[in-house]
Amino acid sequence: MATIGSKARQFWHHPAGPKTIHFWAPTFKWGISIANVADFKRPPEQVSFPQQIAVTATGVIWSRFATQITPVNYNLLTVNVFMAFTGMYQLSRKISAGSANTDVPVAQATETVAASGSGPQVPPQMPTSKT
């Protein structure tokens, strides 16, 4: 039977352990998944359809990748499966609410801001430094 110290040592020195980016990248990626879960409280009309497609696609693609690399990175696999499921859930909420087509295209939004003149105001001439 292995002791807690030997298990901790194995974890610390593992090729996907905390001394490598292969541990920390998926660990911080959990923040995206947690934010997506927090968005479950938002009305479906406020959920971004393109963003949830990206979250779902990222989860599916990287879940597959996590199983093909050596050593298999279970932290990466878990976070991406969770990401795919939360994205699919958000997409299902958006589609069932019938609001999948309510996002304003970026080009249209840009034209609206430009036409209204409410964009950032740039001074006609930048001040020069005096030396």
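These notebook entries record what I looked up in a predicted model of one protein chain.

**Ground rules**

I number residues from 1 along each chain as its sequence is written, and I use heavy atoms for side-chain values, with hydrogens and water left out.

**Overall layout**

I looked up the secondary structure and found five helices and zero strands. Helices (H or I, at least four residues) and strands (E, at least two) are DSSP runs, numbered from the N terminus. From the N terminus on, I read the elements as α-α-α-α-α.

I then turned to burial, where buried means under 20% relative accessible area, exposed over 50% and partly exposed in between (1.4 Å probe, protein chains only). Of the 131 residues of the chain, 23% count as buried. For contacts (heavy atoms within 4.5 Å), I took residues at least 6 apart in sequence and noted that 70% of their contacts join residues at least 24 apart.

**Helix 2 against helix 4**

Two packed helices are described by the angle between their axes and the distance between the axes. Axes are lines fitted to C-alpha atoms, for helices over the stretch in contact, and angles run from 0 to 180 degrees between N-to-C directions. Helix 2 (residues 21-38) packs on helix 4 at an angle of about 20°, with the axes 9 Å apart. Helix 2 is therefore roughly parallel to helix 4; I use that term for angles under 35 degrees, roughly antiparallel for over 145, roughly perpendicular for 65 to 115 and oblique for the rest.

I listed the residues in this contact, among them Phe23, Trp30 and Val37 of helix 2 and Leu76, Phe82 and Gln90 of helix 4. The contact residues divide into nine nonpolar, nine polar and one charged. Here Ala, Val, Leu, Ile, Met, Phe, Trp, Tyr, Cys and Pro count as nonpolar, Asp, Glu, Lys and Arg as charged, and the others, Gly among them, as polar.

**Helix 3 against helix 4**

I found helix 3 and helix 4 packed at an angle of about 150°, with their axes 7 Å apart. Helix 3 is therefore roughly antiparallel to helix 4. The residues of this contact comprise 15 nonpolar, ten polar and one charged.

Between helix 3 (49-68) and helix 4 (74-96) I located Pro71 in the loop. The peptide bond from Thr70 to Pro71 is cis, with omega near -5°.

**Aromatic rings**

I counted five aromatic pairs. Rings of Phe, Tyr and Trp (its six-membered ring) pair if their centres lie within 6.5 Å; planes under 30 degrees apart count as stacked, over 60 as edge-to-face and the rest as tilted. Phe23 and Trp24 form an edge-to-face pair, 4.7 Å centre to centre with 90° between the planes. Phe23 is buried at 15% relative accessibility, whereas Trp24 is partly exposed at 36%.

The ring centres of Trp30 and Phe82 are 5.4 Å apart with the planes at 45°, so I recorded this pair as tilted. Trp30 lies in helix 2 and Phe82 in helix 4, so the pair ties together parts 52 residues apart in sequence. I also noted that ring pairs link Phe23, Trp24 and Phe28 into a cluster.

**Ile95**

I placed Ile95 in helix 4 and found this residue exposed, with a relative accessible area of 54%. Ile95 and Glu45 are 50 residues apart in sequence and 9.7 Å apart in space, C-alpha to C-alpha.

Conventions: Predicted model: local features only at pLDDT ≥ 70, side-chain atom pairs only at ≥ 80, totals over all residues.
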